[in-house]
Amino acid sequence: MSLIVLVAAIPYLAIAGYDFWLHETDRQVPRAESVFHAGIAIGVAVFLCAAVMGWNTLAAVALVLLLIAAIVDELRFHGDLDVREKRLHMFGGLALAFCIGVWLWTI
């Protein structure tokens, strides 16, 4: 069990939570985009649970699927976003990359 991965996920989870809150209060998210967000959220949950438990194959599969969904979401729906929201997504991506790096370091 590797709780350090969970600790490393805190910055990403905080940024993603804030981004989710913005979607609820700031802009109307199309239904198709919400589907991608749900897929990303499920992928993050499975990745984090598997990574913490040391189930590295499952964590890797979940990570690949969530990254595909996140890339499609970014390219398809986020091209004309406000600069502040684009910056938030950049910081979220960096925070997720940090978490992934910690996970890779622990295996």
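1. Basis. The model is predicted; local features need pLDDT of at least 70, side-chain atom pairs count only at pLDDT 80 or more, and totals for chains, interfaces and linings use all residues. Residues are numbered from 1 along each chain as its sequence is written, and side-chain values use heavy atoms, without hydrogens or water.

2. Helix α3. Helices are DSSP runs (H or I, at least four residues), numbered from the N terminus. α3 has 23 residues and reaches 33 Å from its first C-alpha to its last. That is close to the 33 Å expected at 1.5 Å a residue (1.5 Å times one less than the number of residues). Just after α3, Gly54 takes a positive phi of about 85 degrees.

3. Buried side of the list. Among the buried residues of α3 are Glu33, Ile40, Gly43 and Val44 (buried means under 20% relative accessible area, exposed over 50%, partly exposed in between; 1.4 Å probe, protein chains only). The buried residues of α3 pack against α1 (3–8), α2, α4 (56–77) and α5.

4. α3 with α5. Helix α3 (residues 31–53) and helix α5 (residues 83–106) pack at an angle of about 25 degrees, their axes 10 Å apart. They are therefore roughly parallel (angles under 35 degrees). Phe47, Leu48 and Ala51 of α3 make the contact with Cys99, Ile100 and Trp103 of α5 (heavy atoms within 4.5 Å).

5. Pro11. This residue lies in helix α2 (residues 10–25). Pro11 is partly exposed, at 37% relative accessible area. The C-alpha atoms of Pro11 and Leu94 are separated by 9.5 Å, though 83 residues apart along the chain.

Note on methods. Axes fitted to C-alpha atoms, helices over the stretch in contact; angles between N-to-C directions. Helix = DSSP H or I, 4+ residues; strand = E, 2+ residues; numbered from the N terminus. Parallel < 35°, antiparallel > 145°, perpendicular 65-115°, else oblique.
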